[in-house]
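Please look over the sequence and the model below. A short report on selected local features follows them.

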Amino acid sequence: MAVLDILRYPDARLHKVASPVATVDDRIRRLVQDMADTMYAAPGIGLAATQVDVHERVIVIDTSETKDDLLVLINPEIVASGGEKKTYEEGCLSVPGIYDDVERAGRITVRALDVRGETFELEAEGLLAVCIQHEMDHLQGKVFVQYLSRLKQSRIKSKMAKLDRQAA
Ligand code: K1U
Ligand code: ZN
């Protein structure tokens with residue numbers, strides 16, 4: 001078990017764009033395992049490789065109550081989105097203690113590779129759809145607070161800096 005360090009906003013590395021995984025091999029499977037360990041330990045319901053300073057398109061998610069339903073998305077792409085737009089109060093392990101409303105597509109279809117390198121498609125709605133879109137934003141270098149007003153973003157940066165000073 002390896003619990004990795006999670007980058008904290010406003011770390012500039014959270015804004016790097018992740019590259020596609022070339023081959024799903026043992027290195028990627030080890031990364032997936034470490035990311036799952038990190039997500040469950042946090043605890044959280046999702047984690048993107050960007051958040052652990054690995055800039056490849058890998059996501060882990062588990063929105064189950066029982067925390068035994070790991071979803072791994074490698075090189076995910078949204079191939080369809082629709083439904084009524086939904087607003088959800090989001091949080092982020094890279095912005096601890098901050099929760100705010102974000103509006104996103106209510107239903108999506110995502111295509112990705114699994115840990116065996118096989119392609120699959122998944123239709124999602126509700127919290128799973130929110131979480132997939134949030135994690136895919138991370139792979140594009142976007143943190144959910146960037147949907148908020150400049151004033152809120154500035155206040156959040158000040159709050160994070162204060163927390164970092166207190167922890168030092
Ligand atoms: O990307 C991340 O930092 C993970 C994030 C995922 C997420 C949460 C809510 C809406 C969209 C995306 C989190 O897991 S924040 C923590 C959290 O939501 C949670 C933690 C423990 C139990 C239940 C939820
Ligand atoms: Zn996040």
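Predicted model: local features only at pLDDT ≥ 70, side-chain atom pairs only at ≥ 80, totals over all residues.

Residues are numbered from 1 along each chain as its sequence is written, chains are lettered from A and ligands numbered from 1 in the order in which they are written, and side-chain values use heavy atoms, with hydrogens and water left out.

**Helix α1.** Helices (H or I, at least four residues) and strands (E, at least two) are DSSP runs, numbered from the N terminus. Helix α1 spans residues 26–41 and has 16 residues. Its first and last C-alpha lie 22 Å apart, close to the 22 Å expected at 1.5 Å a residue; that expectation is 1.5 Å times one less than the number of residues.

Strands pair if DSSP finds at least two bridges between them. β6 (residues 107–113) is mostly covered, with five of its seven residues buried. β3 and β6 pair in the antiparallel sense over six bridges; I78 has V110 of β6 as its bridge partner. Seven bridges join β6 to β7 (residues 119–125), also antiparallel. There, L113 is partnered by T119 of β7. The hairpin of β6 and β7 has five residues between the strands, and G117 takes a positive phi near 85°.

Two cis peptide bonds and two non-glycine positive phi values are listed here.

| Site | Feature | Location |
|---|---|---|
| Y9 to P10 | cis, omega near 10° | P10: segment before α1 |
| A42 to P43 | cis, omega about -5° | P43: loop between α1 and β1 |
| D53 | positive phi of about 65° | loop between β1 and β2 |
| N75 | positive phi of about 50° | strand β3 |

D53 counts as partly exposed because its relative accessibility is 31%. N75, at 16% relative accessibility, counts as buried.

Note on methods: Buried < 20%, exposed > 50% of the residue type's maximum accessible area, 1.4 Å probe, protein only.
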